[in-house]
Amino acid sequence: MLYESSPVAIAIFASFVLAVVGLSFWLGRKGQSAKGYYAAHGEIHWFINGIAFAGDYLSAASFLGICGMIAFHGFDGFLYSIGFLAGWIVALFVIAEPIKSLGKFTFADALDAKFKSRGIKLSVAISTLVVSIFYLIPQMVGAGDLIVPLLGLPHAVGVILVGVAVTLIVVTAGMVSTTWVQFIKGSLLVFFCGVLTSMILARGLTVNTGSLEPQTRSVTPDGRVLVDGEPQTRDHDLRPVGTLAALPARYGDATTTGPLGALEYLSVLEDSRIVTWSGKKSTDASGTHTVFTPTEKAGADLLKPGGYFKGLTTGKLADKLDFASLMLALFCGTASLPHILIRYYTVKDAAAARKSTVVGIAAIGAFYVLTLFLGLGAMTSGALDPTSTNMAAPLLAKSFSETLFAVISAIAFTTVLGTVSGLIMAGSGAVAHDLVENVLRIPMDDAAKVRCGKIAAVGLGIVAMALGILFRNFNVSFLVGWAFNIAASANLPALVMLLFWPRTTKEGIISAVTVGMLASLAWILLSADTFEKVYGLSRDASPVPFSQPGLVTIPLGFLVLVVVSLLTKAQPRGKPA
Amino acid sequence: MTETSEPERSRPGRATRIGFGLFWIYVILYFGFIALVLFRPDVLSSRPFGGVNLAIASGLGLIAAALLLSVVYMVACRVVESPGGERH
């Protein structure tokens, strides 16, 4: 769909972004040490850190991806919410306090605390970079998606805008500014999603009778976009979709429910009939055509599992394993994400790490409950863009008012800024602190460490921009699933076994990280999803039985660690876990 | 590499045990839910509580359980670790 930008939207958006970048410059005025740049001097209050956890974690995948998935596919999007939150249980009960106690600046510090091994530093630094880059892609894609309707600019401009803003944030004041950006973003996101949910409930559900004629979007070989065979213009564009066809019988002839309570809203929706749209792509000599067709469904069918994860209803074992694998990766992945783990170094001690995790769980849990209402609200808002699942939440806001749309889009954009800042901080620490200082052993004073981190941040910012443009057609939740799989496969086995299995050796850690990372990466590159969506090949050509690797590669990481540790002599231990 | 003192690094055994106990409770809840999604989706379509089906009720319940267990853990650690109350 084509979007028209409004001056109000541009003004609100510009104020948000300028305020956030301005805050970074203000915080960056103070002189910086390496500890200040990489760990905010370890002086962040646990409550601030807890909300910053939410700001770090609630990425474009959570806000844009989950809402979009619920809006188009129903309950299955909420499964991501459940899995994303469950991962924090591993972080709190297993990882939080030991990682705080063992590390200094980076995740590699913690894994290497006992052995002082360059091999561990190298393997963990590489895994940090790989996970961070995989996690960066969906954030940048989400940023580009937001810019299109908000400012009326091309997708690539959004990606470049966020890349430049984030690089400025990180380069100016490192972890200090990153923390405050994440705190502000986390607070705004939860608050405004709460406001939006209240408005959804106050509006209730209304039958809307949009046209149910199929719509076709074509892209000709010379790049022209056609809608139903005619050139796409603002007057001749795809119609917005997502409507309520009928309310439950108990409403009789009424076409609107009026305000509803939270549980009542879910209950009424379950007894209603809803029209969802799906697109089918085909290619011929005249170009690529996507035909969008409506399907009227019972609300009860949309609010049960199986709308997106088709294997849950078809009974195919490979599809069931694919789903189980994803949910395992979400559970294990959170506590293995380097940009989350480095946030533990910004607080004073292990008790503060624990308390900030609890605050994070409260804020993140509240947000994920809200995603259900946002997604379902979008599903019946009549405002969805059939070509973009990622735009569901902002377009839901637009169905209320342009101003709310601008505010929600600006918050979504700062959401991306907050998460990408954390990712670039993690990557910058991996390059400067782990690779340059500890693996290459290039001597650096405090100022040089900070300078090196900033140069790495600029490089990562450029990589992020390039990948954001390249992967623009992916659902962001789907892409984040890959990052969780790699993180869980590469990092979790080493971390857990180091903390809780005394016979773990440095060779075991290096092998587990390397094998876990390479195996999950290779699996993803060979998966049916990648064959279809990246290479444009048939799904049947994929040699692996299902797309999500975690179910195989997480246990593989543990197995490799145990076997290699048993085969290698345990190193003398300087410090107990 | 670490700047943390040795006494701070050692977790009280009881707090660790409480943490693991709560962790396993959640593991059972979470993977029990996943098992239902995988093998008995019909159960999740039922509406034992009236309006909301079991799929949504258990999803919301898992989120609430995560928060509840984490608060229980925080309180338990406070009791176990510090007879004199919070240190900061």
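I started with chain B, which has 4 helices and 0 strands; helices are DSSP runs of H or I with at least four residues, strands are runs of E with at least two, and both are numbered from the N terminus. From the N terminus on, I read its elements as α-α-α-α.

A note on conventions: this is a predicted model, where local features need pLDDT of at least 70, side-chain atom pairs count only at pLDDT 80 or more, and totals for chains, interfaces and linings use all residues. Residues are numbered from 1 along each chain as its sequence is written, while chains are lettered from A and ligands numbered from 1 in the order in which they are written.

I then checked burial: 27% of the 88 residues of chain B count as buried, that is, with 20 or more other C-beta atoms within 10 Å of their own, C-beta atoms being placed from the backbone.

**Where the chains meet**

How many residues does the contact take from each chain? I found 37 from chain B and 47 from chain A, with contact meaning C-beta atoms, placed from the backbone, within 7 Å. On the side of chain B that touches chain A, helix 4 of chain B gives the most, with 13 residues. That side divides into 23 nonpolar, 9 polar and 5 charged residues; Ala, Val, Leu, Ile, Met, Phe, Trp, Tyr, Cys and Pro count as nonpolar, Asp, Glu, Lys and Arg as charged, and the others, Gly among them, as polar.

Terms used
Two residues are in contact if their C-beta atoms, placed from the backbone, lie within 7 Å. A residue is buried if 20 or more other C-beta atoms lie within 10 Å of its own, exposed if 12 or fewer, and partly exposed in between; C-beta atoms are placed from the backbone.
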